[in-house]
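This report covers a sheet, the helices packed on it and the salt bridges between side chains. The sequence and the structure come next.

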Amino acid sequence: MTGGRNVDQALAVLRARFPEAQVWRGEHTGKLWGLVRDPSGRAHLVEAESPVELGRLLEDAQGGRPPAPRPVTGRARPVPRRAGVPTSMPVYGRHEAPRAPWWRRLAGAFVQLDDEEW
């Protein structure tokens, strides 16, 4: 995808062609995005590599047709499973169950508080 002024001009043309749609270029991804509602009022978010593709996807979404599937990039075949390897990994960090605050855990090591059960 070419960057810079050409893409900005193409986005301006798309904004004029689809005034009811929100059209932008992703700051971090560099891809083009569009948000448009179909005749029934459902919102469609589309992503494209080029302004031409974005225009086609917006036109399809605005007409009520679902966007055409994009080709899969990268590894298309499933990875074979090895025996004895779990299919899911343990989750750590923000997905853990909430813990008591540090001061409560420390106090609980020395003193049993009234509202705790042992």
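Buried stands for a relative accessible area under 20%, exposed for over 50%, and partly exposed for values in between, with a 1.4 Å probe and protein chains only. The model is predicted: local features need pLDDT of at least 70, side-chain atom pairs count only at pLDDT 80 or more, and totals for chains, interfaces and linings use all residues. Residues are numbered from 1 along each chain as its sequence is written, and side-chain values use heavy atoms, with hydrogens and water left out.

**Sheet and helices**

Helices (H or I, at least four residues) and strands (E, at least two) are DSSP runs, numbered from the N terminus. Two strands count as paired if DSSP finds at least two bridges between them. On these terms, 3 strands make up an open sheet with antiparallel pairing, in the order β1-β2-β3. The edges are held by β1 (22-25) and β3 (43-48); each has a single partner strand, so one side of each is left without a neighbour in the sheet. From one strand to the next, the twist averages 15 degrees. Angles run from 0 to 180 degrees between N-to-C directions, and axes are lines fitted to C-alpha atoms, for helices over the stretch in contact.

Strand β2 (residues 32-37) runs antiparallel to β1 and is joined to β1 by 4 bridges. Gln22 is placed opposite Leu35 in β2, and Trp24 has Trp33 in β2 as its bridge partner. The hairpin of β1 and β2 has 6 residues between the strands, and there Gly30 takes a positive phi near 75 degrees. In a regular strand, side chains alternate between the two faces of the sheet.

Helix α2 (residues 51-62) touches β1, β2 and β3, and its direction makes about 15 degrees with that of β2. Helix α1 (residues 5-17) also packs on the sheet; α1 touches β1 and β2, and its direction makes about 175 degrees with that of β1.

**Salt bridges**

A salt bridge requires a side-chain nitrogen of Lys or Arg within 4 Å of a carboxyl oxygen of Asp or Glu. By this rule there are 5 salt bridges, including those in the table.

| Salt bridge | N to O distance |
|---|---|
| Arg25 and Asp8 | 3.1 Å |
| Lys31 and Glu49 | 3.3 Å |
| Arg56 and Asp60 | 3.8 Å |

Arg25 belongs to strand β1 and Asp8 to helix α1, so their pair ties together parts that are 17 residues apart in sequence. Arg25 is partly exposed at 31% relative accessible area, and Asp8 is partly exposed at 38%.

Glu49 and Lys31 form a salt bridge that links distant parts of the chain, 18 residues apart: Glu49 is in the loop between β3 and α2, Lys31 in the loop between β1 and β2. The relative accessible area is 32% for Glu49, which is partly exposed, and 25% for Lys31, also partly exposed. A network of salt bridges links Lys31, Glu47 and Glu49.

Arg56 and Asp60 are 4 residues apart in helix α2, a separation of about one helical turn. Arg56 is partly exposed, with a relative accessible area of 39%, whereas Asp60 is buried at 15%.

Note on methods: Contact means heavy atoms within 4.5 Å.
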